[in-house]
Amino acid sequence: PPTPIFGDVSASHWAHDYVEALYNAGYVVGCSTSPRLYCPERILNRGESAVFVERGQHGAITDPPYPTPSTATFVDVVPTYWGFGWIESLWTDGFTAGCSSAPLAYCPDRQHTRAEGSVFFLRIKNGSSYAPPPGTGIFADVAPEDWFYDWAEAAYNEGILPACDTDPLSYCPNSPLDRAWAAYMMVQAKGIVIP
């Protein structure tokens, strides 16, 4: 068999095909170049997710798609932050409303959850103005009053992210989203063919 692209994603890793498909399509470069690593179990933070989403929206780009603004939109993302341009582009594209509105903040270093990932990757698939259909209550751990109620069901129904348990059917919406699952979601959202 061919040598894996990433030293920490062996051919037997469940996400191997998804990670390598994303790499081959130019969407990811990994977490380290020497040695080349992907860090599949590392939890994706909201700053990193901005890069994932913008590449999902604009293709295999190496830099943020829009010119860097002179003033920051979010109080907690200063122009010197490594992901400033990516987060500002995410805002420009209408993919995020931030993590709080007063003051407007993004929480770039906060761990990304499965619920948040559902929103981002559904919008990658369907466009930034996408709104999910009303949920029907299929998950034991997702209540109608949860902000992600409709999003979780739509992500599940569209094959973006599977349930975390089947008995009872559960979504684990507040569980952290790692880089392996983010790769899976990107492949599903973009319709990338797995060889």
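**View 1. Helix α1 passes helix α6 in a left-handed crossing.** Left-handed here says that the near helix is turned anticlockwise from the far one by less than a right angle. Helix α1 covers residues 16-24 and α6 covers residues 179-190; helices are DSSP runs (H or I, at least four residues) numbered from the N terminus. They pack at an angle of about 65°, with axes 8 Å apart. Axes are lines fitted to C-alpha atoms over the stretch in contact, and angles run from 0 to 180 degrees between N-to-C directions. Y18, V19 and L22 of α1 make the contact with A183, Y184, M186, V187 and Q188 of α6, where contact means heavy atoms within 4.5 Å.

The model you are looking at is predicted: local features need pLDDT of at least 70, side-chain atom pairs count only at pLDDT 80 or more, and totals for chains, interfaces and linings use all residues. Residues are numbered from 1 along each chain as its sequence is written, and side-chain values use heavy atoms, leaving out hydrogens and water.

**View 2. Here α4 meets α5.** Their axes lie 9 Å apart at an angle of about 55°. S118, V119, L122 and R123 in α4 meet W151, A154 and A155 in α5.

**View 3. Now find F139, in the loop between α4 (114-126) and α5 (149-157).** Is F139 buried or exposed? F139 counts as buried because its relative accessibility is 4% (buried is under 20% relative accessible area, with a 1.4 Å probe and protein chains only). Not counting residues up to four places away in sequence, F139 touches A152, E153, Y156, A163, L169, S170 and Y171.

Methods. Helix = DSSP H or I, 4+ residues; strand = E, 2+ residues; numbered from the N terminus. Buried < 20%, exposed > 50% of the residue type's maximum accessible area, 1.4 Å probe, protein only.
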